[in-house]
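Dear colleague,

I am handing over the structure we spoke about, with its sequence, and below it you will find notes on what turned up in it. Please read them with the model open beside you.

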Amino acid sequence: MLDRPVLGLESSCDETAAAVLAPDGAILAELVLSQLDEHARFGGVVPEIAARAHLAHLPGLARRAMAEAGLGFADLGGVAATSGPGLIGGLIVGASLGKGIALAHGLPFVAVNHLEAHALTARLPGLVEGGVEFPYLLLLLSGGHCQCVAVEGVGRYRRLGTTLDDAVGEAFDKSAKLLGLPWPGGPALERLAESGDPARFRLPAPMVGRPGCDFSFSGLKTAVAQHVAREAGEDGTMAERTRADLAAAFQAAVATALADRAANALAMLPAARGVVVAGGVAANGAVRRALAAVAERGGARLVAPPVRLCTDNAVMVAWAGIERLRLGLAGPPDEALGHAPRP
Ligand code: KG4
Ligand code: ZN
């Protein structure tokens, strides 16, 4: 029986995060430090910089989260840290810190799989009215991952489809760069698309009509590049109107492709009552609307956690830890880094 709070640590990419959750899932403290500014001038996440930033900030952040929760480490019922997949430097920082705290205070340590943490977030009590029951369909749409997963229970996942090339967030970022937008391009592209006409340029909605629910986005990015090359003036710049129209066409093509894939995935999991979206791209309004329509047609509802819990955070890690500790699925303390259960 888990009757004490759990500390969660996330450091697999470019967010340094710590959170403390009560055993019933109530959030007692929630802190995220984004490293965006440190990576922006390189146009993407630099693993070495990320690892050093996690090393510099995670211990202090963990201590602050505990102070905000009004607890000492000895009051905890367990420590959970993302242990894979992700950038190895950051994973070592988070898992080592988590294990250190657990060892020093005789607590169980849970090596959390990052994808499992995204997958279980929607089950956080109070997040979704009526809760989310197994099985459900998870669409993980981030900069590093793009998957359809059947979530059948804690630790019971079936990957139904994945990307054959780029992740959808990567496609947003690369196309945004072609349109002259700063990294990370997803939010900026969405803003630019607001004033654009999605019908002016015809862009292919990749994989639409094909069986299964795999994704592919590299062809779409190439199509954007070709239009940019055609439309750009001699100085390489494009009219504002043209940039907005291309952004709108790109976003519409992505939404159409995701909706088509999600519909096929839902047909592969007829018992699914819910479609859960996670990952940074789940913040996109056009994507959410397209997926909500698919869910409704399939007799399911779309569950979209608040954006701060869709992107990388430690609340989801602590919650995955709680789900595992409750079921006795924590694993031995040496299990970490690559041995975390893989969905
Ligand atoms: O989940 P996330 O924060 O980090 C990982 O990749 O793990 O996702 C970041 C990705 C980036 O590619 C970013 O451009 C994209 O999510 N993104 C968006 C939006 N907000 C973030 N893409 C489209 N529209 C958005 N509003
Ligand atoms: Zn993530």
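Helices, as the word is used in this message, are DSSP runs of H or I with at least four residues, and they are numbered from the N terminus. Please also keep in mind throughout that this is a predicted model.

The ligand

In total, 19 residues surround ligand 1, and the closest are Gly-143, Gly-169, Gly-186, Gly-280 and Asn-284. Sorted by class, the shell around ligand 1 is made up of 6 nonpolar, 10 polar and 3 charged residues.

The two domains

The domain assignment divides the chain into domain 1, which takes in 6-126 + 311-326, and domain 2, which takes in 136-304. Their C-alpha centres lie 28 Å apart, and the contact between them takes 13 residues from domain 1 and 16 residues from domain 2. On the side of domain 1 that touches domain 2, H4 and H11 each supply at least two residues, with the largest share of that side, 4 residues, coming from H4. By class, this side of domain 1 has 6 nonpolar, 5 polar and 2 charged residues.

The annotated positions

The unreviewed UniProt entry lists His-114, His-118 and Asp-312 under "binding site". Although these positions span 199 residues in sequence, no two of their C-alpha atoms are more than 8.9 Å apart, so they gather at one spot. His-114 is found in helix H4 (residues 114-120), whereas Asp-312 is found in the loop between helix H10 (307-310) and helix H11 (315-326).

Is His-114 buried or exposed? Taking 20 or more other C-beta atoms within 10 Å as the cut-off for a buried residue, His-114 is buried, because 26 other C-beta atoms lie within 10 Å. Asp-312 is likewise buried, with 27 other C-beta atoms within 10 Å. Leaving aside residues up to four places away in sequence, His-114 touches Ser-12, Thr-82, Gly-84, Pro-85 and Gly-86, while Asp-312, on the same terms, touches Glu-10, Cys-13, Glu-15 and Ala-17.

A covered strand

Strand S9 (residues 274-278) is mostly covered, given that 5 of its 5 residues are buried. Both faces of S9 are covered, with Gly-274, Val-276 and Ala-278 buried on one side and Val-275 and Val-277 buried on the other. Strand S6 (residues 136-141) runs parallel to S9 and is joined to it by 4 bridges, and strand S10 (residues 301-303) pairs with S9, again in the parallel sense, over 3 bridges. Val-275 takes part in both pairings, being the bridge partner of Leu-137 and having Leu-302 as its bridge partner in S10.

Backbone details

Most residues other than glycine have a negative phi, and most peptide bonds are trans. A cis peptide bond joins Phe-134 and Pro-135, with omega about -5 degrees, and Pro-135 lies in the loop between H4 and S6. The peptide bond from Trp-183 to Pro-184 is also cis, with omega near -5 degrees, and Pro-184 lies in the loop between H5 and H6. Met-207, although it is not a glycine, has a positive phi of about 75 degrees; its place is in the loop between H6 and helix H7 (218-231), and Met-207 is buried, with 23 other C-beta atoms within 10 Å.

With best regards

Methods
Residues are numbered from 1 along each chain as its sequence is written. Chains are lettered from A and ligands numbered from 1 in the order in which they are written. This is a predicted model: local features need pLDDT of at least 70, side-chain atom pairs count only at pLDDT 80 or more; totals for chains, interfaces and linings use all residues. A residue is near a molecule or strand if its C-beta atom, placed from the backbone, lies within 6 Å of it. Ala, Val, Leu, Ile, Met, Phe, Trp, Tyr, Cys and Pro count as nonpolar, Asp, Glu, Lys and Arg as charged, and the others, Gly among them, as polar. UniProt positions are given in the numbering used here, feature names are shortened, and annotations may be inferred rather than shown by experiment. A residue is buried if 20 or more other C-beta atoms lie within 10 Å of its own, exposed if 12 or fewer, and partly exposed in between; C-beta atoms are placed from the backbone. Two residues are in contact if their C-beta atoms, placed from the backbone, lie within 7 Å. Two strands pair if DSSP finds at least two bridges between them. Domain bounds come from an automatic or database domain assignment.
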